Amino acid sequence: MSTAHKSVTRSPVQLAALVVGLVFLLVGVLGFIPGITTNYGDLQFAGHHSDAMLLGIFQVSILHNIVHLLFGIAGVTLARSWSGARGYLIVGGIIYLVLWLYGLLINQDSAVNFVPVNTADNWLHLVLGVGMIALGVLLTRGRAAVSR
């Protein structure tokens with residue numbers, strides 16, 4: 001009796017999107033674990049009053065953690081195809097750059113800071129935005145017109 005094994009070969013951009021998606025899933029889960037998230041008892045659904053800090057550095061809320069989980073699910077799902085992976089990295093990177101600008105422009109102690117974000121989050125969002133766009137562009141350079 002022979003069993004056929006289907007080999008799954010991912011392109012570099014698909015692997016990058018998968019890894020980024022898995023990291024977001026991990027971060028989303030870690031945001032709900034006391035100890036890894038300090039001041040866990042102060043975790044709020046949303047808003048700047050949530051004093052919970054992932055790794056003691058990044059301000060998080062339940063909403064913030066859910067966004068990480070959803071972003072992770074999107075990455076893992078879209079990594080199934082070359083175009084999905086590329087779009088996830090580039091569009092996701094743009095979203096994170098917009099979030100970085102948002103974090104710079106708002107008063108972090110106001111109700112407008114509903115996600116919430118702090119200075120460490122802002123710097124991370126900049127790095128994520130630039131990094132994701134770079135991965136999406138560099139790993140697909142010259143392949144856009146090639147059949148996938």
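Two strands are taken to pair if DSSP finds at least two bridges between them. In this predicted model, strand β2 (residues 53–54) is joined to β3 by two bridges, and the two strands run antiparallel. Within this pair, L54 stands opposite F58 in β3. The strands belong to an open sheet of three, in the order β1-β2-β3, with antiparallel pairing. Its edges are formed by β1 (37–38) and β3 (58–59), each of which pairs on one side only.

The largest nonpolar core comprises 14 residues, and A17, V20, F24, F71, Y88, L89 and M132 have the most contacts inside it. Two or more residues are given to this core by each of the elements α1 (12–30) and α3 (82–105). The greatest contribution comes from α1, with six residues. Leaving out residues up to four places away in sequence, F24 touches H68, L69, F71, G72, Y88, Y96, L128 and M132. Another core, of five residues, lies apart from the largest one and includes L43, A52, L54 and F58. In soluble globular proteins, nonpolar side chains tend to be buried together.

Helix α4 spans residues 119–138 and contains N122. The relative accessible area of N122 is 4%, so this residue counts as buried, the cut-off being under 20%. Beyond its neighbours within four places in sequence, N122 is in contact with W100, G103, L104, Q108 and V117. N122 and L101 are separated by 21 residues in sequence, while their C-alpha atoms are 8.0 Å apart in space.

Methods: Residues are numbered from 1 along each chain as its sequence is written. This is a predicted model: local features need pLDDT of at least 70, side-chain atom pairs count only at pLDDT 80 or more; totals for chains, interfaces and linings use all residues. Side-chain values use heavy atoms; hydrogens and water are left out. Helices (H or I, at least four residues) and strands (E, at least two) are DSSP runs, numbered from the N terminus. Buried means under 20% relative accessible area, exposed over 50%, partly exposed in between (1.4 Å probe, protein chains only). Contact means heavy atoms within 4.5 Å. A nonpolar core is a set of buried Ala, Val, Leu, Ile, Met, Phe, Trp, Tyr and Cys residues joined through side-chain atoms within 4.5 Å.
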